[in-house]
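Please look over the model below before reading my points. Keep it open beside you as you go.

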Amino acid sequence: MAERTMIQAIQDAIATALARDPRVMVLGEDVGKNGGVFRATEGLQERFGEDRVIDTPLAESGIVGTAVGLAVAGMRPIAEIQFLGFIYETMDQLASQAARIRFRTQGRFTVPLVVRAPFGGGVRTPELHSDSLEALFLHTPGLKVVMPSNPYDAKGLLLAAVEDPDPVLVLEPMRLYRLGRMEVPDGFYTVPIGQARLARAGEDVTIVAWGPTVPVALEAADAAAAEGVSCEVIDLRTVSPIDAVALTRSVEKTGRAVVVHEAVRSGGVGAEVLAAIHDGAFYSLLAPVERVTGFDTPYPPPAVEDLWLPTPARVLAAVRRVMQA
């Protein structure tokens, strides 16, 4: 079993899907000859040909619109949006078309479409390149949204998305693309969509995180342990649908919860996670649920982004508050 970075695991997943199913194809800006802006598709056009790994014009709405048509016609396209902040251009194709076609046709047509998009802060990008927009898509019925936090999940979730009969948005944390390696199986395997992962077992506080904030939560849990507080870390992995069963099970055990995400606070996925905890485990709560999030501003310039992003210190402070309540 090879050790891979997240971006290598994603590349391996795409190659595996292309080799396994002739209906799979890749399309996006610079995904062919240049291998993608982060090299997720490097070498795949040479290996699978220009008919299956396709360079497109600089037009996000055209990429996803074309992919929706291909999916309805029986193909399994993987479309790449270079940065999630550019996905606003595709909202009509995703929310008004792809997410509704099963409902609109009473199940006669589905859209087996995958859209990949890097996102997240901490890499000093200019405006619109770091935005965390998962809440927009949680609020889009018919669309699944996954956010891996490690190379194993990145490959398994992407392959599960390719197999899914309905549209799946795969949001890939840029900061984690080359941050460490882990063993990733060769060949085909999947990680179930909609199933959270127990990233660390604990007894006193549940920390819920997803994507780039999972390592932040784990670092905070280490710091809390040094103070004698045992934190359980739940990696949500899928933000639509949310695994409410895993949240309830954990909070019924710990009685306290802290929710961590990079996106702005108001209307974020964290609010829905908090509601799921209240629905499932309200009578087990020993303290109000805390949220540690980005702030209600546009994503800031690189010079101040470290002040904006959730940090282990901010998460640890929230853990202390719920323990003292």
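1. **Ground rules.** This is a predicted model: local features need pLDDT of at least 70, side-chain atom pairs count only at pLDDT 80 or more, and totals for chains, interfaces and linings use all residues. Residues are numbered from 1 along each chain as its sequence is written, and side-chain values use heavy atoms, with hydrogens and water left out.

2. **H1 against H7.** Start with the axes of helices H1 and H7, which come within 8 Å and cross at roughly 30 degrees. Helices here are DSSP runs (H or I, at least four residues), strands are runs of E of at least two, and both are numbered from the N terminus. Axes are lines fitted to C-alpha atoms, for helices over the stretch in contact, and angles run from 0 to 180 degrees between N-to-C directions. That angle makes H1 roughly parallel to H7. The class limits are these: under 35 degrees is roughly parallel, over 145 roughly antiparallel, 65 to 115 roughly perpendicular, and the rest oblique. The crossing of H1 and H7 is right-handed.

3. On the H1 side are Met6, Ala9, Ile10, Asp12, Ala13, Ile14, Thr16, Ala17 and Arg20; on the H7 side are Pro151, Ala154, Lys155, Leu158, Leu159, Val162 and Glu163. Contact means heavy atoms within 4.5 Å. By class, the contact of H1 with H7 has 11 nonpolar, one polar and four charged residues. Ala, Val, Leu, Ile, Met, Phe, Trp, Tyr, Cys and Pro count as nonpolar; Asp, Glu, Lys and Arg as charged; the others, Gly among them, as polar.

4. **The cavity.** How many cavities of 30 Å³ or more are there? The count is one. A cavity is a set of points on a 1 Å grid over the protein atoms alone where a 1.4 Å probe fits but cannot get out; a pocket is an open set with protein on both sides within 12 Å along at least five of seven lines; lining residues have an atom within 4 Å of a point. Grid points are joined across faces, edges and corners, and a volume is the space filled by probe spheres set on the points. The largest cavity has a volume of about 50 Å³. Ala17, Arg20, Asp21, Val24, Leu159, Val162, Glu163 and Phe188 line the largest cavity. Helices H1 (6–20) and H7 (151–163) are the elements giving two or more residues to this lining. H7 supplies the largest share, three residues. The lining has five nonpolar, no polar and three charged residues.

5. **The pockets.** The largest pocket has a volume of about 270 Å³. Its lining holds 20 residues, with Tyr88, Asp131, Ser132, Leu133 and Val264 nearest its centre. Helix H6 (residues 134–138) gives the largest share, three residues. The second largest pocket has a volume of about 180 Å³. Helix H8 (residues 213–226) gives the most to the lining of that second pocket, with three residues. By class, the lining of the second largest pocket has five nonpolar, two polar and three charged residues.

6. **H3 against H4.** The axes of H3 (residues 60–72) and H4 (residues 91–98) come within 8 Å and cross at roughly 25 degrees. H3 and H4 are therefore roughly parallel. Ser61, Val64, Gly65 and Val68 of H3 meet Gln93, Leu94 and Ala98 of H4. This contact has four nonpolar, three polar and no charged residues.

7. **H9 against H10.** H9 and H10 (residues 269–281) pack at about 65 degrees, with axes 9 Å apart. Their crossing is right-handed. Ala244, Leu247, Thr248, Val251 and Glu252 of H9 make the contact with Val273, Ala276, Ile277, Gly280 and Ala281 of H10.

8. **Two backbone details.** Most residues other than glycine have a negative phi, and most peptide bonds are trans. Asp30 has a positive phi, near 65 degrees. Asp30 lies in the loop between strand S2 (24–28) and helix H2 (44–48). The peptide bond from Ser240 to Pro241 is cis, with omega near 5 degrees. Pro241 sits in the loop between strand S12 (238–240) and helix H9 (244–254).

Methods. A crossing is left-handed if the near helix is turned anticlockwise from the far one by less than a right angle, and right-handed if clockwise.
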